[in-house]
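Here is a short briefing to read alongside the model. Have the sequence and the 3D view open, and we can walk through a few of the features together.

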Amino acid sequence: MKLVFLGPPGAGKGTQAARICEKLEIPHISTGDMLRSAIAKGTPTGLKAKSYVESGGLVPDEVLIEMVRERLHEADCTNGYLLDGFPRTVHQAEALNEISAPERVVNVYVADEKLLDRLTGRRVCRSCANTFHISALENDKVCPDCGGELYQRKDDSPETITNRLNVYHSQTAPLIDFYTALNTLVTVDGDQTPDRVTSAILTALGC
Ligand code: ADP
Ligand code: ZN
């Protein structure tokens, strides 16, 4: 199955994507994770992307489209893929339709006022990349899953979050209409427990 997860920052796309990929045995392709890893390694893509990612803006379409094109040509994508964080603009969506069009687009809906708290309270594990909310952690420095070190993403600061939400509404939300017109969009309520969101997604996908 070829899937795209759409939704504002903090909607829980990453958490849900990991679960759905395990279940459907398709690779989880997170462009945010790919960019952060490229930045950490200092690759040419990382150098181009750094300032945009840290300020909460969008990395230029050309950079993302090439990165995703290469990734989708790798062998593990023959049975499908789950794209998390791409496309984020109509231009990216048009390019994806030419590379390998998604069969379903899952729109994870969460209202803006809930997102700010989710993002400012988010902590990420350096070892396993799982994310947690501080309200659910006994110790906000140690990963409850693997014991790794938890950190706060640079772009999870309040100023940057406001910018990311504005960018989402102006550049990415138009994709809801784009995919509705193509009859591929399903919307699920992202403001429920993680387990319920997972069930809602599986139901919406007919799995
Ligand atoms: P979130 O969904 O929590 O905002 P991601 O981890 O998906 O975060 O992305 C982090 C940052 O990486 C974005 O704010 C943006 O700068 C960059 N980025 C990721 N995917 C794309 C994309 N498809 N197009 C442009 N920039 C992107
Ligand atoms: Zn961990």
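Which residue of β3 does lysine 2 stand opposite? In this predicted model, the residue across from lysine 2 is tyrosine 81 in β3.

**Strand β1 and its partners**

- β1 pairs with strand β3 (residues 81–84) through four bridges, and the two run parallel.
- β1 also pairs with β4, again in the parallel sense and over four bridges.
- On the β4 side, leucine 3 has arginine 104 as its bridge partner.
- Four of the five residues of β1 are buried, so the rest of the structure largely encloses this strand.

**Helix α7**

- Helix α7 spans residues 158–172, which makes 15 residues.
- From the first C-alpha to the last, α7 reaches 20 Å, close to the 21 Å expected at 1.5 Å a residue.
- Its buried residues are Thr160, Ile161, Arg164, Leu165, Val167, Tyr168 and Thr172.
- Looking down the axis of α7, you will find these buried residues within an arc of 160°, so they line one face of the helix.
- Glu159 and Ser170 are exposed on the other side of α7.
- The elements covering the buried residues of α7 include β1 (2–6), α3 (44–55), β4 (104–109), α6 (112–120), β5 and α8 (174–181).

**Helix α3**

- α3 is among the elements that cover the buried residues of α7, and α3 has buried residues of its own: Gly46, Ala49 and Val53.
- Those three cover an arc of only 80° around the axis, which puts them on the same side of α3.
- The face turned away from that buried side carries Pro44, Leu47, Lys48 and Ser51, which are exposed.
- Cover for the buried residues of α3 includes α2 (31–41).
- Glycine 56 follows α3 and has a positive phi, near 85°.

**The three-stranded sheet**

- β5 belongs to an open sheet of three strands, in the order β6-β5-β7 with antiparallel pairing.
- β6 and β7 are the edge strands, each pairing on one side only.
- Two bridges join β5 and β7 in the antiparallel sense.
- Across from cysteine 125 stands leucine 150 of β7.

**The zinc site**

- Cysteine 125 is also one of the residues that coordinate the zinc ion (ligand 2).
- The donors are the SG atoms of Cys125, Cys128, Cys143 and Cys146, at 2.3 Å.
- The site is tetrahedral, with angles of 101 to 119° among its four donor atoms.
- Along the chain, the donors of the zinc ion (ligand 2) follow the spacing C-x2-C-x14-C-x2-C.
- Because cysteine 125 lies in strand β5 (residues 122–125) and cysteine 146 in the loop between β6 (131–133) and β7 (150–151), the pair ties together parts that are 21 residues apart in sequence.

Technical notes: Residues numbered from 1 in each chain as written. Chains lettered and ligands numbered in written order. Predicted model: local features only at pLDDT ≥ 70, side-chain atom pairs only at ≥ 80, totals over all residues. Heavy atoms only, no water. Donors = N, O, S within 2.8 Å, 3.2 Å for Na, K, Ca; no water. Tetrahedral: all angles 85-135°; square planar, octahedral: opposite > 155°, others 65-115°. Expected span 1.5 Å × (residues − 1). Buried < 20%, exposed > 50% of the residue type's maximum accessible area, 1.4 Å probe, protein only. Arc of directions from axis to C-beta. Contact = heavy atoms within 4.5 Å. Pairing = 2+ DSSP bridges.
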